[in-house]
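Here are my notes for someone opening this structure for the very first time. Have it on screen as you go through the points.

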Amino acid sequence: MKIIVPASSANLGPGFDSIGLAVNRYLTMTVGEESSHWQVDHDLPNIPHDETNMIVQAAVKTSPVPLTPHRLTVVSSIPLSHGLGSSSSANVAGVELANQLGQLKLTGEEKVQAAASLEGHPDNVAPAIMGGTVIGTSLGDHFYAVKAPAIPYRLAAYVPNYNLATADSRAALPNQLAYSQATHASAIANVLVAALFKRDYQTAGKMMEADHFHEPYRTRLVPELSIIREIGHRCGALATYLSGAGPTVMTLVPNNGMDLFARNLRLHGLEIPLWKLAIDDLGVRVED
């Protein structure tokens, strides 16, 4: 049995901790034979191979019944500490592992509840489970997630060769916002969501680049963001935003505009290979 979980890109500008989309880079976990103890085989740096592995921890916390340990083999093309939901993919893989081994028969909504409870918010885990673009939040101890219509653009991910820990990126944020600033930032996010559901992508693109919640404070940590955004404007891109806590910079590009955009990045000295991605609309899945 294989459990396949897509990467995810969160925030989309003003949708801070609430909007995310799934992309076609994957964590693939093969569930092997039963064992006397959990064994997680992988080649990821500084990640445990035993029962303290995040995937195993998520599975144990999710299942109401004891799970028989298995040997797991994990292969991931999702970079760590780069704003593409690497920890979220591990938590979702753990939830699905518990679902399969414990025969829990969880619904999609129940998987979101379990994974978001582990993460604290649904912006990465909900699209990794549901696929596509998802808007989510919590009220009390319940998480809500709503899937938006498919966005008809490709994704160009500029993935710097340096890591940016989420804790460091969050430390750059202010402790509070002025009331007027917060209400304006919220209104921008509201219009973004309305435009996504209306399929008014020109308006959506403008809102993605008008964030007041986090990007103004994180730009100094990811100087490539403003440069790539300007290049995107000249190349017909819909919008450029900081993916999650960064440092990945994501640009929504017309289906026929990827080569032009990549060429212009190189002309400006941004030589790191561009990841040419697509939105994954399926979310987590299981293969025999």
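1. Start with the stretch 64-132. The C-alpha atoms at its ends lie 29 Å apart, and the span is 49% helix and 10% strand; helices (H or I, at least four residues) and strands (E, at least two) are DSSP runs, numbered from the N terminus. An unreviewed UniProt entry places the feature "domain: GHMP kinase N-terminal" at these residues, 64-132. UniProt positions follow the numbering used here, feature names are shortened, and annotations may be inferred rather than shown by experiment.

2. A word on what you're looking at: this is a predicted model, where local features need pLDDT of at least 70 and side-chain atom pairs count only at pLDDT 80 or more, while totals for chains, interfaces and linings use all residues. Residues are numbered from 1 along each chain as its sequence is written, and side-chain values use heavy atoms, with hydrogens and water left out.

3. Now helix α2, residues 86-101. Just after α2, Gln103 has a positive phi of about 50°.

4. Which element gives the largest share of the lining of the largest pocket? That's α2, with five residues. β1 (2-11), β2 (15-34), α1 (54-62), β4 (70-76) and α5 (166-171) are also among the elements supplying at least two each. The lining has 38 residues, with Gly85, Ser86, Ser87, Ser88 and Thr166 nearest the pocket's centre. A pocket here is an open set of points on a 1 Å grid over the protein atoms alone, where a 1.4 Å probe fits, with protein on both sides within 12 Å along at least five of seven lines; lining residues have an atom within 4 Å of a point.

5. Leaving out residues up to four places away in sequence, Arg229 touches Met208, Glu209, Glu215, Thr240 and Tyr241 (contact means heavy atoms within 4.5 Å).

6. Last, His212, in the loop between α7 (201-208) and α8 (215-218). His212 is partly exposed, with a relative accessible area of 29%. His212 and Gly13 are 199 residues apart in sequence but 8.4 Å apart in space, C-alpha to C-alpha.

Methods: Buried < 20%, exposed > 50% of the residue type's maximum accessible area, 1.4 Å probe, protein only.
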